[in-house]
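Please consult the sequence and structure shown below while reading.

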Amino acid sequence: MSEKTIAFIGGGNMARSLIGGLIADRHPATRLRIAEPDAERRKALIDDFDVQAFQENATAIRGADVIMLAVKPARIADVARELAPHIRDQKSLVISVAAGVRSADINRWLGGESPVVRAMPNTPALVQTGATALFANEQVSEEQRNLAESILRAVGMVVWLTDEQDMNTVTAISGSGPAYFFLTMEAMQAAGESMGLDARTAHLLTLETALGAARMALESPEDVDKLKRRVTSPGGTTAAAIGELEDGDLAGLYRRALRAAAHRAEELGNELGDQ
């Protein structure tokens with residue numbers, strides 16, 4: 001992969017996280033290009049990563065093997081139409097990280113013959129612990145699938161989907177998921193403070209507990225239900241807390257929340273596809 005030239009359209013947080021991950025993974029900075037209209041952000045990218053940064057999209061993608069569309073979803077149709085003639089000539093792989101935008105719509109805006117991989121990363125990619133789902137259209141070759149996976153693995157784990165419709169569920173679980181955990185941590189910290197802990201102590205205990213629980217779940221061969229039961233002694237303190245959460249139908253609340261997120265993701269795909 002180190003011989004491949006990757007061009008990013010958009011120099012925001014997701015692009016920065018991918019660039020940082022690729023460089024940490026020893027991808028040559030000379031093989032990374034960014035198109036970013038904001039001069040200050042462009043300079044910061046050059047200073048931070050020693051990459052090439054351009055104002056014009058067409059200049060950045062010239063000769064690129066991979067074109068990463070990292071712009072806001074509302075802008076992707078215009079950007080794709082602008083780049084369509086250049087991408088067709090180069091036969092570049094196009095990877096989109098725009099939430100809600102379907103691969104068929106991207107391919108249509110590009111002229112209908114482009115290899116497109118749709119990616120749904122999440123914000124922990126900023127610290128190389130992201131979770132990304134990928135879906136490839138029929139034009140993507142096996143080599144290009146491997147290339148797309150290598151790029152996204154630079155910022156975390158990757159799974160492939162065979163049905164693009166599942167991307168709405170992925171959006172609900174991992175795309176939006178970090179916010180659910182932040183909300184839970186916020187609630188736990190607030191509860192700790194209300195019971196007498198100072199803010200810093202409640203904050204540190206909450207975050208380290210969340211980190212430790214996630215690491216245990218990742219590294220253990222047992223599922224999370226078994227891990228939960230292992231620390232829940234009958235009649236003990238954890239059982240008392242779990243009982244309150246179950247009485248409040250936490251599982252049902254999460255089901256309703258994720259369904260709402262998935263439904264909104266589908267609505268956005270329909271809205272954006274009409275452009």
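R102, D105 and R108 are linked in a network of salt bridges. A salt bridge is here a side-chain nitrogen of Lys or Arg within 4 Å of a carboxyl oxygen of Asp or Glu. By this rule the count comes to 15 salt bridges. The model is predicted: local features need pLDDT of at least 70, side-chain atom pairs count only at pLDDT 80 or more, and totals for chains, interfaces and linings use all residues. Residues are numbered from 1 along each chain as its sequence is written, and side-chain values use heavy atoms, with hydrogens and water left out.

| Residues | Closest N to O distance |
|---|---|
| R102 and D105 | 2.9 Å |
| R215 and E219 | 3.0 Å |

R215 and E219 both belong to helix 9 (residues 199-219), where they are four residues apart, about one turn of the helix. Helices (H or I, at least four residues) and strands (E, at least two) are DSSP runs, numbered from the N terminus. R215 is exposed at 55% relative accessible area, and E219 is exposed at 56%. In the remaining pair of the table, E222 is partly exposed at 29%, while R230 counts as exposed at 54%.

Eight of them form an open sheet with mixed pairing, in the order 3-2-1-4-5-6-7-8; two strands pair if DSSP finds at least two bridges between them. Strand 3 (52-54) and strand 8 (156-160) stand at the edges with a single partner strand each, so one side of each is left without a neighbour in the sheet. On average, neighbouring strands of this sheet are turned by 20 degrees against each other, direction ignored. Strand 5 (residues 93-96) and strand 6 (residues 116-120) run parallel and are joined by three bridges; I95 has V117 in strand 6 as its bridge partner.

Helix 4 (residues 76-90) lies across strand 1 (6-9), strand 4 (66-69) and strand 5, running at about 180 degrees to strand 4. Axes are lines fitted to C-alpha atoms, for helices over the stretch in contact (heavy atoms within 4.5 Å), and angles run from 0 to 180 degrees between N-to-C directions.

Which residues does UniProt list for "binding site"? The unreviewed entry gives I9, G10, G11, G12, N13, M14, A70, V71, K72 and P73; such annotations may be inferred rather than shown by experiment. Although spread over 65 residues of sequence, these positions cluster in space, with a largest C-alpha distance of 14.3 Å.

Two members of this set can be examined more closely. A70 is found in the loop between strand 4 and helix 4, and V71 has its place in the loop between strand 4 and helix 4. A70 counts as buried because its relative accessibility is 19%; V71 is buried at 9%. Not counting residues up to four places away in sequence, A70 touches I9, G10, A15 and V97. With neighbours within four places in sequence left aside, V71 is in contact with I9, G10, I76, V79 and A98.

Terms used. Buried means under 20% relative accessible area, exposed over 50%, partly exposed in between (1.4 Å probe, protein chains only).
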